[in-house]
Structure formats: structure tokens, C-alpha cells
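Please examine the sequence and the model that follow. The paragraphs after them lead through the structure step by step.

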Amino acid sequence: MTVARGSGLAYKEACQALVDLSEAYANYRDPETFQQELSQFIGDHIRRKAFIKRLIQAGLLDQDMRAKRPAGK
């Protein structure tokens with residue numbers, strides 16, 4: 001994923017991709033699986049504060065950096 005580039009644009013693209021995945025899982029798959037996979041992904045990128053901030057602003061994480069349920073569920 002583009003997060004490894006460490007730029008603002010990369011974080012924006014990755015965040016949007018995760019929002020899209022969240023919506024897809026909420027509508028067509030298991031939201032719990034998305035939460036588990038997002039938590040794993042976040043563990044690999046927890047030091048990227050600007051990226052984490054974007055995920056919180058997008059509603060994918062809460063302030064404690066725990067994955068939130070996808071929208072609509």
C-alpha cells in the first residue's frame with residue numbers, strides 16, 4: 001500500500017482506500033473481519049502519526065486507535 005511512501009498524498013490515498021474497504025465490508029462481507037484486518041494493518045503503521053490522524057478523522061479509528069465498526073453497521 002502507498003503508506004510506505006510516507007507522504008501526505010500517500011496517506012490520503014491509503015485512507016480513502018481503507019474507507020472504501022470499510023464500506024464494502026459493511027455492505028457485502030463481515031465487518032468484524034475488516035476490524036481485525038485494520039487493527040493488524042494499524043499495528044504495522046502505528047508510528048505514522050499523520051496517517052493515524054487521518055484514519056481517526058475518517059472515522060475508521062477512535063481516539064484510542066481501536067478500529068471502529070464500518071459505517072452503516
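This is a predicted model: local features need pLDDT of at least 70, side-chain atom pairs count only at pLDDT 80 or more; totals for chains, interfaces and linings use all residues.

Which residues in α1 meet which residues in α2? On the side of α1, they are Leu 18, Leu 21, Ser 22, Tyr 25 and Ala 26, and on the side of α2 they are Pro 31, Thr 33, Phe 34, Glu 37, Leu 38 and Phe 41. Sorted by class, the contact of α1 with α2 comprises eight nonpolar, two polar and one charged residues.

The chain has three helices and zero strands, and its elements follow the order α-α-α from the N terminus on. There are 73 residues in the chain, of which 34% count as buried. Contacts can also be sorted by separation in sequence. Among contacts between residues at least 6 apart in sequence, 51% join residues that are at least 24 apart.

The arrangement of the helices may now be taken pair by pair. Two packed helices are described by the angle between their axes together with the distance between those axes. For α1 and α2, the angle is about 155° and the axes are 8 Å apart. Angles over 145 degrees count as roughly antiparallel, and α1 is therefore roughly antiparallel to α2. The crossing of this pair, α1 and α2, is right-handed.

The next pair is α2 and α3. Their axes come within 10 Å and cross at roughly 150°, so α2 and α3 are also described as roughly antiparallel to each other. The crossing of α2 and α3 is left-handed. In this contact, α2 contributes Phe 41, Ile 42 and His 45, while α3 contributes Phe 51, Ile 52 and Leu 55. The residues of the contact of α2 with α3 comprise five nonpolar, one polar and no charged.

The remaining pair is α1 and α3. The axes of α1 and α3 come within 10 Å, and they cross at roughly 35°. The crossing of α1 and α3 is right-handed. From α1, the contact involves Gly 8, Tyr 11, Lys 12, Ala 14, Cys 15 and Leu 18; from α3, it involves Ala 50, Phe 51, Arg 54 and Leu 55. By class, the contact of α1 with α3 has seven nonpolar, one polar and two charged residues.

How many residues has the largest nonpolar core? This core has 17 residues, and those with the most contacts inside it are Leu 18, Leu 38, Ile 42, Phe 51, Leu 55 and Leu 60. Each of the helices α1 (8-28), α2 (31-45) and α3 (49-57) supplies at least two residues of the core. The helix that gives the most is α1, with six residues. Leu 38 illustrates how residues come together here. When its neighbours within four places in sequence are left aside, Leu 38 is in contact with Leu 18, Leu 60, Leu 61 and Ala 67.

Is His 45 buried or exposed? A residue is buried when its relative accessible area is under 20%; His 45, at 14% relative accessibility, therefore counts as buried. Not counting residues up to four places away in sequence, His 45 touches Val 3, Phe 51 and Ile 52.

Residues up to four places away in sequence aside, Gly 6 touches Tyr 11 and Arg 48. In sequence, Gly 6 and Phe 51 are 45 residues apart, whereas in space they are 8.5 Å apart, C-alpha to C-alpha.

Arg 5 also lies in the segment before α1. With a relative accessible area of 51%, Arg 5 is exposed, since the category of exposed residues begins over 50%. Apart from its neighbours within four places in sequence, Arg 5 is in contact with Ala 10 and Glu 13.

Methods
Residues are numbered from 1 along each chain as its sequence is written. Side-chain values use heavy atoms; hydrogens and water are left out. A nonpolar core is a set of buried Ala, Val, Leu, Ile, Met, Phe, Trp, Tyr and Cys residues joined through side-chain atoms within 4.5 Å. Buried means under 20% relative accessible area, exposed over 50%, partly exposed in between (1.4 Å probe, protein chains only). Helices (H or I, at least four residues) and strands (E, at least two) are DSSP runs, numbered from the N terminus. Contact means heavy atoms within 4.5 Å. Axes are lines fitted to C-alpha atoms, for helices over the stretch in contact, and angles run from 0 to 180 degrees between N-to-C directions. Angles under 35 degrees count as roughly parallel, over 145 as roughly antiparallel, 65 to 115 as roughly perpendicular and the rest as oblique. A crossing is left-handed if the near helix is turned anticlockwise from the far one by less than a right angle, and right-handed if clockwise. Ala, Val, Leu, Ile, Met, Phe, Trp, Tyr, Cys and Pro count as nonpolar, Asp, Glu, Lys and Arg as charged, and the others, Gly among them, as polar.
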